[in-house]
Amino acid sequence: MAYLGNSARTREVLSKYGMSAKKKFGQNFLIDSNVLDGIVSAAGVSADDCVLEIGPGIGSLTQYLAEAAGAVVAVEIDRGLIPVLADTLSEYKNVTVINEDVLKVDIAEIVNKYNHGKPIKVVANLPYYITTPIIMKLFESGAPIESITVMVQKEVADRMVMGPGNKDYGSLSLAVGFYAKAEPVMDVPPSSFIPQPGVGSAVVRLTRYSKPAVEVSDEKYMFEIIRTAFNQRRKTLSNALSNNPALKVSRDQVQGALEDMGLNGMARGETLSLEQFALLSDILQRSNAMIN
Ligand code: SAM
C-alpha cells in the first residue's frame, strides 16, 4: 500500500469511493509527508506505545502511526469512512478502528481494553470545530494519558502555550497548564491539507504532569473564577467576579484578597498566573466560609 499522505493518493482514494471531505466533520486531510513524519516524531511514538488517534479520516496519519507504534486505536465518527479505512489500512494488523463520536466514548475503557490500563499517547489531526471539548475531555476523563500531540488551529495552539500578559493567554492556557506542559512543535500552512483550511495550523505537544501543576482546595471553584475572569477580560477581577452570583463574593472581598496576595486590587485576570488563581480561589473560599 502506497502512503496516502500526498495529494495524488488522497484524491485517488476519495474518487474511488465517490467521496469528498465533509465540512460538518471538520475534514481536512493531510497531504504533506514532512508534517506527518514531524507529528509522529514529536509524539515520540515507539513500538512500546499504544496510540489513540482521534479522527483517522482516510488513514493518512494512521499509516505512519501504525508503522511506529505497537498498537493504534482510531476513533472516527464518519460512518462513510469505515470501508475506506478497512481498505487503506488493510496491511496494518495493529490498528483497530472504532466508529464512534470521540466525545461520547469512554476513554478510560479504551485504555483498559487496548493497553491494559497503561498510559497511552494521543496523536491526532483534530477536527477544529471541537478542539477544546476534546482536549478537556481527555484531561478530565482521568484516563491514563502520557501525552497529547495534536494538530490544531494556529490561534488555538497559541492560546494553549501562552503565559500571563500575552493577548492569547486565557482560560484555555490555564486549563491546559493545570494538567500538562504545553510546547509548540511546528506551524503548518493550509497547503499541507486537502481541502485547505481557511486558517493556519500548528502542532502542539501536551505532556501530562503526574499531578496537577498547582494544589487548590476546590478545582471547580478555581475554574469558575478563571472562566468568569476571561469572559469579561476588560473588567477588573473585582468587578468581574463580584458580578457572578455563583462565586458568592463581593467586590471588596476580591480587592482585599488580591492585596493580601501582594497584587494590585484593581488587577485584571490576564495578569495572574495559574498559581495566583489557585491562591485567589483558596483565599476567597476561606473568606466565604468565615462570612457564612
Ligand atoms: N487524520 C486525518 C488526516 O490527518 O488526514 C483526518 C483529520 S480531519 C482534520 C478530522 C477527522 O476527525 C475527520 O476524519 C473527521 O471525520 C473526524 N471527526 C470529526 N468529529 C469527530 C468526532 N466527534 N469523533 C471522532 N472523529 C471525528
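**Reading the ligand shell and the backbone**

Trainee: Which classes of residue make up the shell around the ligand?

Mentor: The shell has 12 nonpolar, seven polar and five charged residues. Asp, Glu, Lys and Arg count as charged; Ala, Val, Leu, Ile, Met, Phe, Trp, Tyr, Cys and Pro as nonpolar; the others, Gly among them, as polar. This is a predicted model: local features need pLDDT of at least 70, side-chain atom pairs need 80 or more, and totals for chains, interfaces and linings use all residues. Residues are numbered from 1 along each chain as its sequence is written, and side-chain values use heavy atoms, without hydrogens or water.

Trainee: How many residues surround the ligand, and which are closest?

Mentor: A residue is near if one of its heavy atoms lies within 4 Å. Here 24 residues surround the ligand. The closest are Leu30, Gly55, Glu76, Asp101 and Asn125.

Trainee: Where is a polar atom of Gln27 relative to the ligand?

Mentor: Look for polar contacts, pairs of N or O atoms within 3.5 Å. A polar side-chain atom of Gln27 is 2.9 Å from a ligand oxygen. Backbone atoms take part too. A polar one of Pro56 lies 3.4 Å from a ligand nitrogen. For Ile77, a polar backbone atom is 3.3 Å from a nitrogen of the ligand. The ligand alone exposes 590 Å², and the protein buries 99% of that (Shrake-Rupley method, 1.4 Å probe).

Trainee: What is the phi of His116?

Mentor: Most residues other than glycine have a negative phi. His116 has a positive phi, near 50°. His116 sits in the loop between helix H5 (107–115) and strand E5 (120–125). Helices (H or I, at least four residues) and strands (E, at least two) are DSSP runs, numbered from the N terminus.

Trainee: Which residues does a cis peptide bond join?

Mentor: Most peptide bonds are trans. The bond between Ile194 and Pro195 is cis, with omega about -15°. Pro195 belongs to the loop between strand E8 (193–194) and strand E9 (201–208).

Technical notes:
A polar contact is a pair of N or O atoms within 3.5 Å; within protein, one must be able to donate a hydrogen and the other to accept it, and residues adjacent in sequence count only if both atoms are side-chain atoms.
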